[in-house]
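Student: Hi! Could you walk me through a few packing details in this model?
Tutor: Happy to, ask away.

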Amino acid sequence: MTKPMSQSPATSSDAVMSMHQELLTKLTRQVGKTPEDSNERDWFVAASLVVRDRIADRWLATRRVARGSGGKRVYYLSLEFLIGRLLSNSLGNLGITETMRAALAEAGHDLDRLCREEPDAALGNGGLGRLAACFMDSMASLDIDGYGYGIRYEHGLFRQLLRGGEQVEWPETWLERGNPWEFFRPEIAYPIGFGGSVVQSLSADGTPRGVWEPAETVQAQAYDMPLAGLGGQHAITLRLWWAKGGSPINLDAFNRGDHVGAMNERAAAEGISRVLYPGDETAAGLELRLRQEYFFASAALQDIVRRHLRDHRDLRSLPEHVAIQLNDTHPAIGIAELMRQLVDQHGLEWQDAWSIVTQTCSYTNHTLLPEALETWPVSLMERLLPRHMQIIYLINARHLERVQREHSMDERLLASVSLIAEGHERRVRMAHLAFVGSHTVNGVSGLHTDLMKQTIFADLERVCGARIVNQTNGISFRRWLHYANPPLTRLLVETIGPAVLRDPERLEALLPFAEDGEFRARFAAQRRASKATLARLIQESCGVSVDPGALFDVHIKRIHEYKRQFLNILQTIAAYQAIRDEPGADWVPRVKIFAGKAAPSYRLAKQLIRLALDVARVINADPAVRGLLRIAFIPNYNVSLAEQIIPAADLSEQISTAGMEASGTGNMKLALNGALTIGTFDGANVEISERVGREAMFIFGLSAAEVAALWREGFQPRRAIEASPALARALAGIAAGDFSADDPGRYRGLVAGLSDYDRFLVTADFDAYRSAQEAVDARWREPQTWWRDAVRNTAKMGWFSSDRTIRSYASQIWRMPLAAKGNGSV
């Protein structure tokens, strides 16, 4: 592994020896081992503790300054924080990577090997959690006083194994050997109630007050992880909640011999923080998800209110000192919970409380897919959170009264903007609750924000006033360029200077070098080295040998129909069939690289993984292909795996159905590292094309407007299949069992389903996608053009820094001034 880029000055021998002594002290006094008895895990823990001490010094100083200043603090509520490994990132942000490397070398240990001892923190699933992690890094780097609130999942999502050609879910045991980065806070715990009943009363102004008497209570126990920003001068808190039962054991039951039953209460309570996204296909799973969301939202809001009263005494000043950002609908129950705390627990009048809530909270929407906009059965809410359901009813009644008074009595409009969806089963619309309870609602790309206004929130935007704004997502250049791709970072520093490490807009200075043949050769050489590293990983993890000289075509993201891995697989089959037809033709050698997890209950997505593996098995074993087309599905996709794949990517697959990808951040990470994008005009692909230029990408397929028009006209996928011989042949091969000889009928249902109802327009876009892939081959045959465009992609990506995004959130949504830091640190 190549040495990471460090921002530190030349490493002095005194600094190295001092850190070496710190390592020995941590090893003996906190790990409890001598150097002779220690393994690599022990040294990793010692190194992490040394780094944590340095962060903690800045962290405590940050908190002292923030408390003394009385300024505004941001609270970012997210069910996911996909932070990845912290040792390498923290060393880089502190600027001490090379000092630590040398200090460990004194003890005979390699830093890169020790970094691999750290498991990825299993706190998220995909883009939502990774965005939250990038935002925390940016808030710390921009000196924003902030807290992140989430859940300390014991097992997180799952570890993906590929066995017998299928995805198998295995518990992720990232906490099994402890977490050296966290601080346990035994004194910070809040009661979280469920069920029970409500005793109602009225205040003098007629405000309904409830005394909620929960049937059960669990404790939300705090664990803190300090996160340092660039330069290490500012650190913020990621506070994660762990669920704890009221009593560790029922001694009466235990002494009666019911040793298992004696632990039931504790097991039920701790189940809340056991797993991220438990399956919701059962009533119990659905209830557990709602418990999780309320658990972390209530704990966070109790903590926020406590801290505000400690520092400012008066809850009426909450909007002046607090900004609460709801990351998607998961924390939306917090709108009702904050009202409950203000009205029931602190005695505020309803209108005063509602004014505080709506001036304090803001909401980020991440999806336009109806099934992804959370709704909860009213019956479940009434049973599990009875007081909150009463509050939601009252919020909705006042909201609809205002709509009737100021806009219309039209039943369609009232049904559209109501917080309760009436139907066979009445359900609470959590996105509507978040919208009505927030002062600002933002989309995450220009196209997504426009579609929000035109579709899912069109009526709410009209009746609530213009509160939708755009905040295009961004990524941390520190994580996804400087630390993930040291060879490219060194080349950038050598070429355009070290200022590029702090100011992403300096990447623009690289543009003239796209015309420099010598520079293009160096750019291609660093890519080739990364591809050789990835080729070894593919051999080890998949048993597939690949040529680093081939075009590496990368499709890495959550497995979902709208992300259209199926489209990629179909084109792969068509390419395979074409190679077999004309083995002597001038084919471009290509490696198709897939990675991603399917939700355990998402059967079709899991079937797509199986299909990809079956297709890979057949093509990789076919001697007629002669290695011209190879396929690898790398298991257990996570942040650390992405950091190895992205620097090696030549082509970035961003092929979602237009209008369905809110933004995407994988597109940004890959383009930043010089991969060319093949994609639809969707999400942030639009803004990337505006900066990079469509000529340096491969844009294909229907636009969002054309997608909508096609469905209005009545799309018939069978006609699209009949019109495309290559598509018809690929589907026929799948249906006939060409890729599943052990079970020829395995995919007949999949093919029939696509032929009858192609919701995500795979068949409509197939020919355009295939043509775009032919254009990719043509450009790859012209290395001068390919590498000029690759350099251009890197040069034009400066705007997509998450620091730019956070600056925009701070000024437009959180309404807080930011001190200038250079020219906008990355």
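Student: Which residues do ring pairs link into a cluster?
Tutor: Ring pairs link F513, F519, F523, F698, W780, W786 and W787 into a cluster. Rings of Phe, Tyr and Trp (its six-membered ring) pair if their centres lie within 6.5 Å. Before we go on, this is a predicted model: local features need pLDDT of at least 70, side-chain atom pairs count only at pLDDT 80 or more, and totals for chains, interfaces and linings use all residues. Residues are numbered from 1 along each chain as its sequence is written, and side-chain values use heavy atoms, with hydrogens and water left out.

Student: How many aromatic pairs are there in the structure?
Tutor: The structure has 28 aromatic pairs. One of them joins Y809 and W814, with 5.3 Å centre to centre and 35 degrees between the planes, so the pair is tilted. For the labels, planes under 30 degrees apart are stacked, over 60 edge-to-face and the rest tilted.

Student: And Y809, buried or exposed?
Tutor: Y809 is buried, at 0% relative accessibility. W814 is buried too, with a relative accessible area of 0%. Buried means under 20% relative accessible area, exposed over 50%, partly exposed in between (1.4 Å probe, protein chains only).

Student: Which residues make the contact?
Tutor: V776, R779 and W780 of α31 meet P783, T785, W786, W787 and D789 of α32. Contact means heavy atoms within 4.5 Å.

Student: New topic: where does T805 lie?
Tutor: T805 lies in helix α33 (residues 802–812). T805 is buried, with a relative accessible area of 0%.

Student: What is T805 in contact with, leaving aside neighbours within four places in sequence?
Tutor: T805 is in contact with F135, Q471, T472, N473 and G474. T805 and F135 are 670 residues apart along the chain, and their C-alpha atoms are separated by 8.3 Å.

Key
Helices (H or I, at least four residues) and strands (E, at least two) are DSSP runs, numbered from the N terminus.
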